[in-house]
Amino acid sequence: MPVLNRAELSRTGVIFVALLLAVCMTGTGAREFRAADTQTEDYPTVQALRYMGALIAERSGGRHEIKVFHSRQLGEEKETIEQTRVGAIDLNRTNVALIGNFVPAMNVLAMPFLFRSFEHMQKVLDGPVGSEILDSFEPYGFVGLAFYDSGARSIYNGVRPVKSIADLKGLRIRVQQSELMSQMIRSLGAEPVEMPYGQVLTGLANHLVDGAENNWPSFVTTDHFKHAGHYTLTEHTMSPEVLVISLKAWRSLSPDDQTIFREAAQRSSRFMREKWRDLEEQSQRKAEEAGVTIVRDIDRKPFEDAMVPIYAKAARDPAAAALIERIRKVE
């Protein structure tokens, strides 16, 4: 064994301490982030969250991981949003209509008949308006990371085909736990029933509600089509999904890690869109094969005209009115 002099021992000690500090700093802030999603394990949003987690694990050298809790394992959306706001849940994929109870700009994106087409919606969300909306979350306890697609929501029921606005009269239609959605159904002449997503199948099967409103994949993957055989392409909202991280979790990240999370979220959004298009086509085909009556050609004008009071109410808020105008001007 070589004998080290005092100077060499000193240098060796300094190197050892430096290496020890480097190891400790590398491990600083490493953690597992909990992500909530109410959809099933194979749903595009859940797959996108897992894809995002893989990207983050790779880019952070394994320091950060995301554990995805799907199928309402952490509760219904309304509950998980509140838990995310206080930092009990780190990441959350939710519909804009529900988080609109906390973030005002989200109510605008949930407005009925706001977007002219999917292409119009994506131009809005992928452009300056979408970026500004995501940036508006922080005062409410969240950081907006990315938008996911959610298709168009349409009305379905088990009583009769809805070919006109008159056919909705008296029907009990389940809506999300959102005042805006209740106002919309009420304006169409039906009776809104606010109900958690996980209870809708039971509600339809036991005739607690006559119908509901949602996109093709949600209509089929939840087996709603087995109890509501009439689907009308009202396409009344094209409100997207939004991925948020709690402000508490966000502030625990270094600036470099925040960049990793934001970029991974944006990439997961593009990944999700591809998965979504495939599932939407499969779901519509499955509904048709099951004998669901699909009403495609309706006069949308009476439906849109019924929304005038909702837009008049929104216009009382200058910020909401300005945002609606900016969205409509996007070509």
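Predicted model: local features only at pLDDT ≥ 70, side-chain atom pairs only at ≥ 80, totals over all residues.
Let me begin inside the protein, where a search of the whole structure turns up two cavities of 30 Å³ or more. The largest cavity holds about 200 Å³ of space, and among the 21 residues that line it, Gln39, Glu77, Asn95, Gln176 and Tyr197 are the closest to its centre. Helix α3, residues 77–85, and strand β3, residues 91–95, each give at least two residues to that lining, which by class divides into four nonpolar, 10 polar and seven charged residues.

The second largest cavity, with about 40 Å³ of space, has a lining that includes Met111, Phe113, Glu235, His236 and Arg300. Strand β9, residues 230–237, provides the largest share of this lining, namely three residues, and the classes here are five nonpolar, two polar and two charged.

Turning now to the pockets, the largest one has a volume of about 520 Å³, and of its 23 lining residues, Pro104, Asn107, Val108, Asp317 and Ala320 lie nearest the centre. Helix α15 gives the most to this lining, with five residues, and by class the lining has 13 nonpolar, five polar and five charged residues.

Finally, the second largest pocket has a volume of about 220 Å³ and is lined by 14 residues, with Leu125, Asp126, Leu134, Phe147 and Gln266 nearest its centre. Here α12 gives the most, again with five residues, while the lining consists of five nonpolar, four polar and five charged residues.

Note on methods. Residues numbered from 1 in each chain as written. Heavy atoms only, no water. 1 Å grid on protein atoms, 1.4 Å probe; cavity = no way out; pocket = protein on both sides within 12 Å on 5 of 7 lines; lining within 4 Å. Points joined across faces, edges and corners; volume = space filled by probe spheres on them. Helix = DSSP H or I, 4+ residues; strand = E, 2+ residues; numbered from the N terminus. Nonpolar A, V, L, I, M, F, W, Y, C, P; charged D, E, K, R; others polar.
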